[in-house]
Amino acid sequence: MPPRDPHSYSDLGQGSIRHIDFQFLMDFDSRTLSGRGAYELDRPCQGPFDLDIRGLDVIAVRSGQGALDWSLGPDDPILGQRLRIADLAGRQGFDIEFRTRPSASALQWLTPEQTGGRLHPYLFTQCQPIHARTVFPCQDSPSVRFTYSAELTVPSDLTAVMAAAGLGHRQDGHTRRFRFRMPQPIPSYLFALAVGDLTFRELGPRTGVYCEPGLAEKAAWEFAQTEEMLAKAEGLYGPYDWERYDLLVMPPSFPYGGMENPRLTFLTPTILAGNRALVNLIAHELAHSWTGNLVTNATWEDFWLNEGWTTYAERRIIEALEGADGANLRAQTGRNSMFRAMRRFGMDSDPTRLKFSQAGIDPESVVSYVPYEKGYSFLVRLERLAGRPAFDRFVHEYIGDHRFQSITTEDFIEYLRRKLPQAARAIDLQAWLYEPGFPDDAPPFPSRMGDDVSERLFDYQEGRLPRREDVAEWTTAQIYLFLQFLPRQLPVEDCRALDPIFDMPKNRIVVHHSQFYEISIRSGYREILPRVEALLSAVGRVFVVAPVFQALAETSWSRPMVRSLFERHRARHHPITVATVDQILQRAGV
Ligand SMILES: [Zn+2]
């Protein structure tokens with residue numbers, strides 16, 4: 001029996017959902033989805049059955065033609081409400097009719113202005129971690145897996161996609177009805193759909209990309225390596241269990257880097273850099289097909305099992321494609337980001353632990369680099385203790401033995417002790433998994449490319465700027481590492497000099513812009529402002545825009561203009577980005 005999930009009202013002792021047959025009618029004018037679900041359980045159930053909802057209107061609960069009694073519990077701001085069906089009396093299923101609200105946190109309704117093409121509206125979901133309950137009633141815990149089928153009725157000029165197998169569509173007057181089937185069982189957080197003006201390009205026999213028509217050429221070129229990556233990943237982790245691996249390039253206002261929705265990864269368009277330099281993001285989302293989607297954390301307290309393992313897998317794919325030096329360089333950058341996050345939380349605080357009690361805590365509020373990078377360091381430490389051949393066998397078996405299952409940290413420890421007893425004894429599991437801060441025996445990540453960056457940083461401290469020819473051959477990751485380690489405030493003439501050295505005006509890597517603009521603003525390099533505004537009007541990814549807005553709000557020369565700059569572009573941004581920036585500006589008192 002899985003542990004009780006602190007983020008769900010569901011009680012798996014009552015039974016669990018095995019399949020849902022959905023019908024959704026979408027309405028852009030009212031920003032609602034009207035839905036019906038026919039739920040099938042794993043066994044006939046007696047007594048009450050509990051589901052999660054949050055800000056969702058339940059219209060009716062039925063069994064066949066008869067209504068079933070149901071009630072709602074008190075409304076918790078994080079968990080929402082318990083929907084209790086009073087008594088299933090031996091039934092193995094029920095039907096629920098429901099309607100989403102415009103404020104549903106999983107549903108992002110974009111105006112045409114917020115898309116790349118600017119002509120059609122767009123809808124997409126983001127259910128991780130606990131937003132699925134705002135779209136349909138469910139046992140919203142990653143420990144419950146179900147298959148589904150769905151029929152989605154949308155305006156006739158738009159295309160619907162889901163993280164599922166498409167079964168085609170039918171034109172019906174002013175609407176189109178798309179059908180989908182998800183044959184592999186998923187936890188609720190991997191339910192995903194998107195609707196917009198979309199086109200498709202094939203990349204390989206099992207891979208392809210969906211995007212707005214204006215991006216099709218660029219996307220097909222940027223992602224040409226996807227089939228090769230899939231083959232590399234299979235070499236490391238075993239067969240790909242989801243049949244297809246397609247990518248969906250999101251509109252510019254997409255607030256995240258990527259989301260590993262099964263069969264259909266959602267990706268930020270900022271990845272389209274024109275040089276295939278940001279493919280590590282695809283490697284990460286692809287790796288989730290094994291670690292996360294196939295072997296899943298049982299609760300959000302075990303999130304490192306998803307993200308630490310996926311960061312490990314991502315860097316193994318990068319190592320196979322680019323060599324160990326490049327993978328270690330990225331590991332150095334990641335560890336640096338992790339330390340920044342730990343210092344922000346406080347080195348002794350709970351969010352620096354890989355596992356801690358999250359009862360009463362919104363899991364989204366404690367997401368940081370810690371589960372990714374501390375989890376990664378822990379796994380590399382284990383790999384080095386066991387030796388790579390033994391660890392590779394362990395990884396294969398770990399994935400094979402837990403396919404389509406959800407496990408806890410404690411399940412992992414038990415499995416590790418059984419399969420790699422010596423490594424398990426040689427490492428301090430308590431310190432790595434449950435204690436705050438960062439253990440002393442963390443593995444180093446030697447990288448010649450990283451050393452080259454460190455040398456230039458040392459030179460800079462000594463008063464010597466790098467020359468253009470010193471960095472001409474640097475990779476995207478090296479430039480990022482250099483910018484990340486530079487002080488946030490420099491003499492303004494150094495910013496003016498670094499600008500052409502890194503070819504910033506022509507550079508298309510927005511994560512470089514984000515770092516360089518932050519430093520430039522704080523250093524008083526005011527000439528950068530038009531470029532800053534161009535970035536902030538075009539890109540919605542929180543990771544890119546938040547540090548720039550923060551710098552603008554905290555620096556005396558730019559402070560008076562940041563509010564009006566933001567208001568000029570507010571309509572183009574996603575509600576998550578808007579909320580983050582509003583918070584930054586409020587905290588800075590502007
Ligand atoms: Zn991830």
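User: How is the handedness of a helix crossing defined?
Analyst: A crossing is left-handed if the near helix is turned anticlockwise from the far one by less than a right angle. If the turn is clockwise, the crossing is right-handed. In this predicted model, H2 passes H4, and that crossing is right-handed.

User: At roughly what angle do the axes of helix H2 and H4 cross?
Analyst: Helix H2 spans residues 226-237. Its axis and that of H4 come within 10 Å. Residues in contact include Met-229 and Leu-236 of H2, and Tyr-312 and Ile-317 of H4. The axes cross at roughly 115 degrees.

User: Which residues are the protein donors of the zinc ion?
Analyst: The donors lie 2.1 to 2.6 Å from the zinc ion. Along the chain they follow the spacing H-x3-H-x18-E. His-284 sits in helix H3 (residues 280-287) and Glu-307 in helix H4 (residues 303-322), 23 residues apart. The donor residues are His-284, His-288 and Glu-307.

User: Are His-284 and Glu-307 buried or exposed?
Analyst: Buried means under 20% relative accessible area. Both His-284 and Glu-307 are buried.

User: What arrangement do the four donor atoms form around the zinc ion?
Analyst: A tetrahedral site needs all angles between 85 and 135 degrees. Here the angles run from 54 to 153 degrees, which makes the arrangement irregular.

User: Which strands stand at the edges of the open sheet?
Analyst: The five strands have the order S16-S17-S18-S20-S19, with mixed pairing. S19 and strand S20 run antiparallel, joined by two bridges. Each edge strand has a single partner, so one side is left without a neighbour in the sheet. The edge strands are S16 (199-202) and S19 (258-259).

How values were computed. Residues numbered from 1 in each chain as written. Predicted model: local features only at pLDDT ≥ 70, side-chain atom pairs only at ≥ 80, totals over all residues. Heavy atoms only, no water. Donors = N, O, S within 2.8 Å, 3.2 Å for Na, K, Ca; no water. Tetrahedral: all angles 85-135°; square planar, octahedral: opposite > 155°, others 65-115°. Helix = DSSP H or I, 4+ residues; strand = E, 2+ residues; numbered from the N terminus. Buried < 20%, exposed > 50% of the residue type's maximum accessible area, 1.4 Å probe, protein only. Pairing = 2+ DSSP bridges. Axes fitted to C-alpha atoms, helices over the stretch in contact; angles between N-to-C directions. Contact = heavy atoms within 4.5 Å.
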